[in-house]
Amino acid sequence: MKKIKLTYLLIGLSVGLYAAPLGLPEVPVPADNPQTEAKIKLGDMLYHDPRFSRDGKVSCATCHAREKAFTDHLPVSKGFTDEKGTRVGTRNAPTVINAAYYTSQFWDGRVPSLEEQAKFPPINPVEGGLHSWDELVGMLKKDDFYKKEFEKVFGIKSSEITIDHFIKAIASFERTLISGNSKFDRFMYGGDKNALNEQEKRGLEVFLGQGRCVSCHTISQTHAIFTDNQFHNLGVGFKALQGKSEKVASEYLHKLAMHKKKLKKSAGKEIANHAADDLVLADKKFSELGRLAITHEVDDMGAFKTPTLRNIAKTAPYMHDGSLKTLIEVVEWYNFGGKLNPDDPDTPFLDGGIRPLNLSGQQVLDLVAFMKALTSPEFENVKEPK
Amino acid sequence: MKRREFLKTSGIVTAGSILPMSLIEVAFADNADGTKSDENFTFAVISDAHLQQIKGTKFVRNWDMGLKRAVAECNMMNPKPDFVLFGGDLGQLGKAAEIDHGAEILSALRSPVKMMLGEHDYYLDLGEHWMNRFGDPYYSFDHKGVHIVVLNSILVDEKWINKWKDPMERMQTMAGLDDPNGSPFMVGLKQREWLKKDLEKVSKDTPLIVFSHSPLQKIYKGWNFWTDDAELVQDILKPFKKVNVIYAHVHQVQYNKIGNIAFNSVMSTAWPWPYPKTYAKEPSYVPKLTVEMNRADPFFERDGTGWQMINVHTGRVDMNFILPHNQNRIVAYNEKTGRPEDVEFQNKERIPPQIHY
C-alpha cells in the first residue's frame, strides 16, 4: 500500500512540466512565460521566501502551504504583524493546486493570470504589506543568490530585474502544482470501475443529477476541472449587505475612485484593479460585493468564482469567506437553496441556478462521500482541519 | 454626469459601456448653453411578474425571485428612476393573495410606483381587488414636459365575460397564452372617448408616452399579441408629433414604428415567451413541440427574463433592457432614421413589414 502511494506521489510531483495527470487537460502556459526547470525552481524559492513582506514573515506559502493542501485552513487569511497586531483579510485562501486552469484569479476574478495574481499579495496592506513593488525588486537586486538566479533564468543583469520576472517565476512554479488521479479520475477516465465504492458512485449520481452540481463544477468526457470559471451569487455573505447593498456599493465606488487617484499619484500610472485589491481585502462589506467590485455591474452583486472541487476534503473551511466549516454544511447550504436555515431570507441577487434541491439525508451523505473521492494521492495524508 | 450610469461614480460607465460613446452624448445632450435639459429623465418598467399562490403564504419561488431581483436592481440605480411603472400581470390567477403579495414586494422600491393592469390581474374578479389596491386602471399624468397615459387595454366584450361557469374558469382560460377559447383584447369605446378628451388639452408638440399591457399594434391574434381596436387608438395618437407606446404582455423584445408612433415592448421578470410565428421570415421546419422548453438555459431560472431602464430625451425613449447573465440590450430611438433600433443587433437591412397578423 505504501509503495503504491509513493508511486502516486512521484507522479504527482513530476507532472506539470510535461504531461497532465489522469483527469486533467494539458496545463495552459502563456507564450511569454514558458516553463523551464530553472525558472520553476526559482519560483519555488520565491514562493516560500518570507522576506518579501513587511515583517519578513509572510510568504505565498503562509496562506497556501503545501502541508495544508496549499491553503491555510483558516476562515480568512492573516497577513503581516506589527505593533498594531496581525492583519486579517476578508477572504478564504483558495488552494493553489490546479489554479493554473482558472481563466481568472482571485475569488472575484480581478486578474486574468497566475502572473498578475502573484503581483498583489506582497504589497497588499493586509497581506505582505510592502510599500511598493520597487521595494520588493530592491530586495532582489541586493541579494547575491537571487541576482545569480535571475541572471541564469532570464539572462538579465541584476539591474534589469523587474517585478515581472518575479511574478513569472512564481507563476511557473504554480503551474507545476497540478493534481488529478483521484479515485474519481481512476473511475471516470482510468477505466477502473471499482475505484469508487457504492456510496461514492451514488454520490456521483447526485452530483450529476438532482444535486445539479455539475452545472457549474464542470466535468467533460476527457477531463474534469470542476469549474465553469464563472461567477455566481450563492447567498454566502448576504447578511453583511442585507438591506444596504446600494449604500455599500455606492460607498465602495466612491472610495475606489479616490484610492485609484492616490495610487496613480504615487506610482505614476494606473495598474488595473490595484485599488480594488486593496479595498476588498481590507473591508468585509466591500468584499461581499464580489464580482461587482470589479465589473460594477449589478448583475455581479455578491457573485464569486466557482472554485475547483479537487482535494476539497483537504481545504476546509469553505466558501469565499470561509463561513462553512464542513462539506456537510456546504451541501446543506445548497440543499436549502443558498442558506443553512430554510426560514432565512433569500438575497434578491441569488443566482437563478440556486434553488432548493430536496436531497434526502442519504443523498447528502453520498454527495459528501463523492467529494472525498476527489482527493489526489499526494494530498491524501493532509490532515483535515479541526 | 451621464444619466445612464448605474451607481454613479467618477468616470465609471457601466450599463452605458456597451453603447458607443457618441450615442450616449446624443441621448443625454444638455442644452446648448450648458444647462441641464428638463426634457431628459429616466424611469423604469418592471413587468409581468405572474406571482402565483400555491397555498396560504406559499408562492412559486421562481416568479417571486424574478420580481425581487428586479426591485433590488432597480434600487441600485443612480440616479434613481423618476418613477417605476409596473406593466401588469402582477398575479397569475388574479387572486387577492397574489396581488397583495406583489404589492408587498413592490413596496421595497425606493422610487414612486405607477401601476398598470394586466389580464392576469383582471379576469377573476374583473379587477375589483386590484382597483381597491391601486386605483383607476387608466389615467394620465404629466412629467417633465411629457404627457404620460396608462391604458387598460385588456378588456373583451361582455358576452365572453359572462359565458363561464365560474370566475376561476374564466381566469384560467384567459391565463393560457394560446388557449383558443380566449378572446381578443381591446381598449374599448369608453376609454377611447376618455383618451380623446384627455388629449384635447395637450399640445400636439408635447411628447406622449402611452403605456398599455397588450401591444397597441397587431402582431399575433392567437396569443393576444394584439389589441383589437389598435388602429382606432393609433388614430387618436396620430396628430401628436412624438408618440411612444410601451407595452408589456409579450415577454420579449419587440420594436416598431407606425407613422409618428414608436413602439417598444418590455421583458417579463418571470419567463420568456417565444416569438410568434408571424415574426418568422422563413418557414420553420422545427417539429411541433410537445415537451416544455421554457428558456434557453433551463438551469438558470432568470435566463430570458429582465426589466428595463428607460431614458427619455427630446421626447423619445431609449430602452435599456437589463437581462440577468445576458448581454444587456439597448433599443434606442435613432433620430437620423427616425425609428427605434437595436444598438447592437439591428439588422443592417430594414426588416420588411409583416403582411399578415
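Visitor: At what angle do the axes of helix H9 (residues 198-208) of chain A and helix H15 (residues 361-372) of chain A cross?
Guide: They cross at roughly 100°, and the two axes come within 7 Å. An axis here is a line fitted to C-alpha atoms, for helices over the stretch in contact, and angles run from 0 to 180 degrees between N-to-C directions.

Visitor: What makes H9(A) roughly perpendicular to H15(A)?
Guide: Angles from 65 to 115 degrees count as roughly perpendicular, while under 35 is roughly parallel, over 145 roughly antiparallel and the rest oblique. The crossing is at roughly 100°, so H9(A) gets called roughly perpendicular to H15(A).

Visitor: What kind of model is this?
Guide: It's a predicted model, where local features need pLDDT of at least 70, side-chain atom pairs count only at pLDDT 80 or more, and totals for chains, interfaces and linings use all residues. Residues are numbered from 1 along each chain as its sequence is written, with chains lettered from A and ligands numbered from 1 in the order in which they are written.

Visitor: Which residues of H9(A) meet H15(A)?
Guide: A:Gln199, A:Glu200, A:Arg202, A:Gly203, A:Leu204, A:Val206 and A:Phe207 do, and on the H15(A) side they meet A:Gln363, A:Asp366, A:Leu367, A:Ala369 and A:Phe370. Being in contact takes C-beta atoms, placed from the backbone, that lie within 7 Å. Nonpolar covers Ala, Val, Leu, Ile, Met, Phe, Trp, Tyr, Cys and Pro, charged covers Asp, Glu, Lys and Arg, and the others, Gly among them, are polar.

Visitor: How many helices and strands are there in chain A?
Guide: You'd count 15 helices and 4 strands.

Visitor: How do you know that the radius of gyration of chain A agrees with a compact globule?
Guide: The rule is 2.2 Å times the number of residues to the power 0.38, with the radius taken over C-alpha atoms. For 386 residues that comes out near 21 Å, and chain A has 21 Å, so the two agree. Along its principal axes, the C-alpha trace of chain A spans about 60 × 55 × 40 Å.

Visitor: Which domains is chain A divided into?
Guide: Domain 1 is 28-174 and domain 2 is 242-287; such bounds come from an automatic or database domain assignment. Their C-alpha centres lie 22 Å apart. In chain A, 11 residues of domain 1 touch 10 residues of domain 2, and that side of domain 1 divides into 4 nonpolar, 3 polar and 4 charged residues.

Visitor: What is the peptide bond from A:Ala316 to A:Pro317 called, and what is its omega?
Guide: It's cis, with omega near -5°. You'll find A:Pro317 in the loop between strand S4 (304-305) and helix H14 (327-335) of chain A.

Visitor: What about chain B: in what order do the strands of its 7-stranded open sheet come?
Guide: The order is S5-S4-S1-S12-S13-S14-S15, with mixed pairing. Two strands pair if DSSP finds at least two bridges between them.

Visitor: What makes strand S5 (113-115) and strand S15 (339-342) of chain B edge strands?
Guide: Each of them pairs on one side only. Across this sheet the twist averages 25° from one strand to the next.

Visitor: In what sense do S14(B) and S15(B) pair, and over how many bridges?
Guide: The sense is antiparallel, over 4 bridges. In one of them, B:Ala332 has B:Glu341 in S15(B) as its partner. The two strands form a hairpin with 4 residues between them, and B:Gly338 in the turn has a positive phi of about 70°.

Conventions: Two residues are in contact if their C-beta atoms, placed from the backbone, lie within 7 Å.
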